[in-house]
Every structure is written in structure tokens, then in C-alpha cells.
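Please look through the structure below with an eye for its helices, and then follow the paragraphs after it, which take a few of them in turn.

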Amino acid sequence: MFALLAAPTIIDSLLLRFFSEQTVNYVIWPFIQVGAVVTITAGWVAYATYLERKISAFIQARLGPMRVGPWGLLQPIADGLKLLVKEDFIPENADRWVFFVAPYIAVVAAFIVMAVVPFGPDWAVITDVNIGVLFILAVSSVGVLALILAGWSSNSKYALLGALRSSAQMVSYEVSMGLAIIGALMFARTLSLSGIVGVQASNSIWFLLYQPVGFVIFLISGIAENNRAPFDLPEAESELVAGFHTEYSGFRWSLFFMAEYAAMVVVTAVATTLYLGGWYFPYVYQLTEAKGYHNAYVAVSLLVFLAKAGLLLYLYFWLRWTLPRFRYDQLMDLGWKWMLPAALINIVVSAIGVGTIQGLNGFNGMKTIVSTTNGLALTPTGKGIAIAFGVGNLFLTAALLSLINWRSRDFNLKKQRSKIRLVDLPKGKPAVAPAASE
Amino acid sequence: MPLVPVPKPTFAQKLKRFFMVDLLKGLGLTLRFNLGALTSRDSVAGKGIYTEQYPKVRPDVAPRFHGAPRLNMDPETHDTLCIACNLCALACPEDCIDVIPMDVEVVVAGKPRRKKVLDEFIFDTSRCMFCALCQEACPTYCLELTQDFELATYSRAGFVWNREMLEQGRETVKYES
């Protein structure tokens, strides 16, 4: 175990014999990191499909894949092989080049985000961009382009309708997703993802406690952004065959599939980073790094991060097999009338909260802020105030949302009717069809 | 039936909607099923997972299920129990049984006698409706419809079972692992 953890140091000294220090630090190690992250992400994406099938099966009291390998563990490999040898079919009159390019855009947009996700401290992060959050939001929006291109170039009505829906949906939820993040950024005072985790680690707190509303909005928007159930309208099987990838088959289809799961992994990773403290977990630092086991510290942090992201991923599957699909107007309602106001309220309340904490600092000898240089480092009093604001915000947001949507249409179509037909048949008698004249 | 105004939701109903009780209930249900499947504990009625792993694990059919026919043999001497009385063929509403007897010379009490014994038994399972009237008619409990249900073959001729198949049972692929 320790030999494995000492491996980076050994490889480092080995590499330094052949290359200069700059080459090793800026070329070779990044290559190794990128290779590892891409491989692990691809494997994780493949096994996410397996997990999804297993979990859906368990929820429906089935067994799921069982025949390929023990407990069907080799099923993703079998699926991949099957998709590789399938015919790559291009519809007649399709816009060939756009049709070819669209899946690659989808995959690249989903995978490139992994470059800035901090999987752990030190060597477990590829690059720490100081505008990491903006980068993620910008690049993952490019995924919409792939869907539009795929839908348009397929020359199929289902694909086009799916693409239209998905673009409308992703654009609407992008707004509230971006706004939901701002609350957390106020406490972090940095856009770097590693920095955000660092602030939470040095403060020994998860931003989930400061920002419960932001977390909920981010998760819901993330699910909608990924076109996952219950927001999987672009791929609604019952209406649109398969949505934007109706005409895709074989390997190109599998690229879209990979992109979807990779996007899910990205959203869970970002949600973990922003709200669940990323790789930070209490006492990990004291038990490893403080005792001199640096690589053990990184490895345990990596596992912590994966566990948190995995729990959120389970939430995805869990929700998918619990909730039925939204209607299109409900989806738009939820996006614009509930998520967007909630995100705005969250920003205002968070700002007031931060302002209150800053105002109270030094008032009557109260001490709320330790420092503001590296994020908002709060004293226990300050943390209490911030958590109180966060929890209070839950109720305030709910109340304000009810107020805003007081006169708006109900999600329930039955309730939109002012009058209903009461059908109460006398008990114990068989139902009789009403006469035609009535 | 008359149209009436929609009844206003009660305060309890409003509270339920506000705290999304139904959503949480649904999530709880699916989680319960998931955990029940993982621990294989009673999630609904008896077991966590309902899937039958058919070729690997053979399902238990109902006790009164009638399947493949079989000609029983004496467990000690391995002679057939069939006395070629033809009652099963007479009982069969579908006429799918042919009992072909033959005469053999036997010596009973020092005198030569001729005895009717079974030569060949043809059972056409493609015409059989598994009513088990033949089983009822058999005086020696020789012909029996077993619980075996794998009767499919690649040709029509394969449905016609002869005496050997009826006595030994048909060969089916048994899956390991």
C-alpha cells in the first residue's frame, strides 16, 4: 500500500534522470495526469451505465445484467464492443459533415471540464484555472451546440424537435445554474475550484450549510442541464423516439451516450466541489498529512471526493426511477418561475448575510471574521450567523416563491380547471354508463 | 353529472404540498425497494428480487402442472410397467397415443401361453393438450405427465416421442455456472 503511495516520488526521481525539471513538471506529469483522468473518467462513465442498469433493476425488483462476468460486471465492455461493430448509419439527405462532427463536440465539451475539476489536493488536479467555475459553465454550455447540430443535421423531425427542446431547456436552466453558484462564490471569494475547496477545508465547513437553497437549485438545474429524468424531454421515448440522437447508431451514438454520462459526472463533481467540500473531510488532514504521509493524504482525499460524487450520482439514478417526466410547460414553469427567482433570492439573501457578518464584525466587541484574504474565514459566531441565514433562506425562498406564483397556473392540470365533474357512484352497485341523451 | 367548483385544498393538503411529502414518500419507496434488493430482504412479499434466472436456476412449476409424458419403469427390474392395455389411447381425446403391442411366448404352469407385451409406444406431444386423461386411465401408474416443461424441438418430427424417449426422458441442455 505504502509502496503504491510512494510511487509518484519514485517515478519523479526516475524521470528527472532523463529530462530536465521543467520538462518533467510541465510536460510529462501533466500528460500522466491527463491520461489517468481520461482513462478513469471513461471507465467511470462506462460503469455508470452499469450502475444505472443495476440500480434501476433493484428499484424495480429485478436483477439487471447478470450474464457477462460475475454479477454482469463485464457488461459495459460487451456493450462497448457491440456498439463498435454496429453499422454507422447516416440518413439520406443528412448534413454529412455536421452529422459527423456533432458527437465529437458533445464528448469534448463533456470531457474537457475534467481538466479543472479538483479530484484531490496536490497532484490529483490537472490544472487549477483561476476562473475554473466560469470555464466549466462556458464549456459545458457548448454541449448544447452539439445537440442542436445533431438534431439539425439528422434531417429527421424527431431529432429536430428533440434538439429544439433540449436547447430551450438547457438555456433556461443554465441561467439559474449560473446564478445559484454566485451565493457560494460570495463565501469563497475565488473562482478557482481548488481555491473553493481550500476555503471549505481551512474553514472546516461545507458550503452546503451556508447555501442549502443554492445547492438544491444547482442540483435541479444540473439534472435538467444533463437532460436526465425527470427532465428528459429531449429524449422522451414516448414522444420523440430518442430525441436528438434518433438517427445516430453505432459508435457515434455511443459517443453521445458517453457525453451524457460524462456530463452527469461533471455536474456531480462540480456540485461536490462547490457545496460538499470537494475532497475535504474532517480529520483526514490531521491523520495523514500532519503525520507526514503526503501521498496517503492525496489518495484518501481522492477517495472522499469520489464517494461524495458517487452519492450525488446515486441521487440522479434514484430520482430517475422515482419521478415521472415533466410536461414541457411544467419544465419551463419550473425553470423560469421557480428556479430563477429562487436563485435571485438566494443571491440577495446571501449578500445580506455576508453583509451582516461583515457589519457585525467589531460591533459590540463581536468577532465574526478571521480574515478575508483567502476566502471568507469565519469565526464560530460568524459560521452560526451564516448557517442561520442559509437555513432561514430555505423558508424565505419557499414563502417568496409561493407568493410569486400565487396566481400562476398550477402544475396539476386537474387543478387548472375551475370546475370538475364529480363522479360519485352509489357504493355497492355496479357502474352504469350514463344515457346518451344526458 | 353536474359540474361543481374544484374543492379548495385544506390546510393539511397545502402543508403536504409545501414540504413535498409525496415526493419524499416516493423516494422512500424506491429506496426501500433498492435496499430490499441489495439485502434480499422482504421488500414487498417474500423476497427482494423477483427475477428468475431461468436456464441457470430452474423454476418451480405449480404442483398440478402437466408437462412432458413419461413411461414409468419398475424401479428394481427396470421392466416397463406398461401392460399394453391400450386404455390410455382410448382415453386420449386427441388420439395422440399409439400403443403397439406384440405377442411373446411364455410358459405359465408348464404350459406354453402367448402374452401381449408392449413393443412400441408413440406419443405425439404436438397434438397433446396435457389434459392427463391418459394418466388417469392408466391402471398401472405407468404413463405419467411429469413437471418437465422443455418440449421445444427444431422439427415437427421431434414432437413425436417414441418409447425410448418416453422411458429415458429427452436430452436437454443443462446450463452450468
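How many residues does helix H14 of chain A have, and how far does H14(A) reach from its first C-alpha to its last? In this predicted model, helix H14, which runs over residues 328-360 of chain A, has 33 residues and reaches 46 Å between those two atoms, close to the 48 Å expected at 1.5 Å a residue. After the helix comes Gly362(A), a residue whose phi is positive, near 90°.

Helix H5 (residues 132-153) and helix H11 (residues 250-275), both of chain A, pack at an angle of about 160°, and their axes are 12 Å apart. Because angles over 145 degrees count as roughly antiparallel, H5(A) is described as roughly antiparallel to H11(A). Their crossing is left-handed. On the side of H5(A) the contact is made by Ile136(A), Ser140(A) and Gly143(A), while H11(A) contributes Ala259(A), Ala263(A), Val266(A) and Val270(A). Sorted by class, this contact has 5 nonpolar and 2 polar residues, with no charged residues.

H11(A) also packs with helix H13 (residues 294-320) of chain A, here at an angle of about 120° and with the axes 9 Å apart, which makes H11(A) oblique to H13(A). The crossing of H11(A) and H13(A) is right-handed. Among the residues that make the contact are Met264(A), Thr268(A) and Thr272(A) of H11(A), together with Phe305(A), Lys308(A) and Tyr316(A) of H13(A). The residues of this contact divide into 8 nonpolar, 2 polar and 1 charged.

Conventions
Residues are numbered from 1 along each chain as its sequence is written. Chains are lettered from A and ligands numbered from 1 in the order in which they are written. This is a predicted model: local features need pLDDT of at least 70, side-chain atom pairs count only at pLDDT 80 or more; totals for chains, interfaces and linings use all residues. Axes are lines fitted to C-alpha atoms, for helices over the stretch in contact, and angles run from 0 to 180 degrees between N-to-C directions. Helices (H or I, at least four residues) and strands (E, at least two) are DSSP runs, numbered from the N terminus. Angles under 35 degrees count as roughly parallel, over 145 as roughly antiparallel, 65 to 115 as roughly perpendicular and the rest as oblique. A crossing is left-handed if the near helix is turned anticlockwise from the far one by less than a right angle, and right-handed if clockwise. Two residues are in contact if their C-beta atoms, placed from the backbone, lie within 7 Å. Ala, Val, Leu, Ile, Met, Phe, Trp, Tyr, Cys and Pro count as nonpolar, Asp, Glu, Lys and Arg as charged, and the others, Gly among them, as polar. The expected span of a helix is 1.5 Å times one less than its number of residues.
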